[in-house]
Amino acid sequence: MEPVAIVGAGPTGIACAIELGNRGIDAVCYDRGHILQSIYDFPEEMRWFSTRDLLDIAGVPFGVPDAHPTRLETLAYYRAVAEKFGVRTVAETEIVAIAAVQSRTGGGVDISVRDRKGERRFFAPAAVLATGFFRNPRRLGVPGEDLPHVHRRYVSGYPFHDRRVVVVGGKNSAAEAALDLYRHGARVTLLVRAPALSERVKYWIKPDLENRIRAGSVGAFFQARIVEITPEAVRIETPAGGESVPADAVFPLIGYEPDFALFERCGIRLEGVQKVPAHDGETLESNVPGLYLAGAILGGTDVGHIFIENSRHHAASIARSIEERLERVPA
């Protein structure tokens with residue numbers, strides 16, 4: 001039997017591979033980056049809002065001293081769990097499309113991939129999309145956002161000492177980046193579309209940043225609409241009128257969304273204004289037979305709805321359905 005193909009080698013993909021393996025079903029995780037790429041790309045000094053007991057998978061305790069694990073602790077934990085259960089991963093392999101197929105021996109999926117050898121196709125008895133959304137930053141949709149000094153990911157504030165940096169956004173990613181940049185000696189200005197920082201900003205970040213703003217250590221414009229990014233500045237509109245904010249670097253940290261283009265190439269139906277992918281609520285099988293969905297992508301554009309802690313049961317639901325599917329295949 002061919003292995004089940006899991007698209008994504010993050011925590012959810014790893015959990016699905018383990019659950020399938022526990023049922024005697026071989027599976028392989030494919031990732032266009034490498035294992036745990038999305039977490040690897042998190043800011044260097046990030047800590048989870050979720051606590052360690054809500055982040056563990058496969059029944060393996062997340063044994064770290066602090067309640068909120070760091071990025072490095074998280075990478076070490078999930079990699080160790082993958083190694084413990086012998087999860088197989090294939091790096092630098094992009095899944096281009098998945099289509100349902102029928103044959104004399106039952107159904108399955110035809111998978112088109114692209115890797116360093118070129119493009120190819122292979123058959124699998126089933127596939128699971130567990131891609132998350134951190135690989136797809138949202139765009140501002142304004143002139144200049146593709147200039148070289150515009151960065152869609154924040155990793156470290158160290159290179160920006162004594163430089164003028166504009167951070168766009170009012171939620172966790174932007175708030176953490178603004179505070180970290182300030183502590184690394186950058187001259188930071190925060191641009192927020194809303195009247196205030198989001199109430200969902202981590203409780204140890206929000207008051208600290210608000211104090212920096214009140215003290216004038218971090219500049220801030222609220223109810224700000226980005227008009228254009230130039231090589232030297234960010235042009236905005238505010239209730240008080242237009243402004244031009246000098247910028248040597250710009251971080252538009254306005255959130256992420258699933259890879260809807262991949263969904264459409266796979267024939268997955270997107271429903272409603274939030275583009276929720278069509279799926280069975282019990283089995284998590286999409287409208288494409290044999291193609292399952294796991295993790296945060298089930299929320300569509302509402303990426304703040306599903307996290308690791310409330311999607312850990314997805315792996316068991318999917319594995320159970322795939323097991324039943326394979327049992328129906330004629331010998």
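Me: Why is F251 called buried?
Reply: F251 has a relative accessible area of 2%. Buried means under 20% relative accessible area, exposed over 50% and partly exposed in between, with a 1.4 Å probe and protein chains only. The value for F251 is under 20%, so F251 counts as buried.

Me: What kind of model is this, and what are its limits?
Reply: It is a predicted model, in which local features need pLDDT of at least 70 and side-chain atom pairs count only at pLDDT 80 or more, while totals for chains, interfaces and linings use all residues. Residues are numbered from 1 along each chain as its sequence is written, and side-chain values use heavy atoms, with hydrogens and water left out.

Me: How many aromatic pairs does a search of the whole structure find?
Reply: The search finds 12 aromatic pairs. Rings of Phe, Tyr and Trp (its six-membered ring) pair if their centres lie within 6.5 Å; planes under 30 degrees apart count as stacked, over 60 as edge-to-face and the rest as tilted.

Me: What makes the pair of Y154 and F251 edge-to-face?
Reply: The distance is 5.3 Å centre to centre, with 75 degrees between the planes. That angle is over 60 degrees, so the pair is edge-to-face.

Me: Why does this pair tie together parts that are apart in sequence?
Reply: Y154 lies in the loop between β7 (127-129) and β8 (164-168), whereas F251 is in strand β14 (residues 249-252), so the parts joined are 97 residues apart in sequence. Strands are DSSP runs of E with at least two residues, helices are runs of H or I with at least four, and both are numbered from the N terminus.

Me: Why is the pair of F160 and F251 edge-to-face?
Reply: The ring centres of F160 and F251 are 5.3 Å apart and the planes stand at 80 degrees, so the pair is edge-to-face. F160 is in the loop between β7 and β8, so its pair with F251 in strand β14 ties together parts that are 91 residues apart in sequence. F160 is buried too, with a relative accessible area of 8%.

Me: How do you know that K275 lies over the face of F260?
Reply: K275 is at 5.0 Å from the ring centre of F260. A charge sits over a ring if NZ of Lys or CZ of Arg is within 6 Å of the ring centre and within 35 degrees of the ring normal. R71 likewise lies over the face of Y40, at 5.3 Å from the ring centre.

Me: How do you know that the span of helix α4 agrees with its number of residues?
Reply: The expected span is 1.5 Å times one less than the number of residues. For the 12 residues of α4 (residues 172-183) this should be 16 Å, and the end C-alpha atoms are 17 Å apart, which agrees. The buried residues of α4, among them A174 and L181, pack against β8, β9, α5 and β14.

Me: Why is S198 called buried?
Reply: S198 has a relative accessible area of 18%, so it counts as buried. S198 lies in the loop between β9 (187-192) and α5 (206-215). S198 touches G170, K171 and K206, not counting residues up to four places away in sequence; contact means heavy atoms within 4.5 Å.

Me: Why is K206 called buried?
Reply: The relative accessible area of K206 is 13%, so K206 is buried. K206 is found in helix α5.
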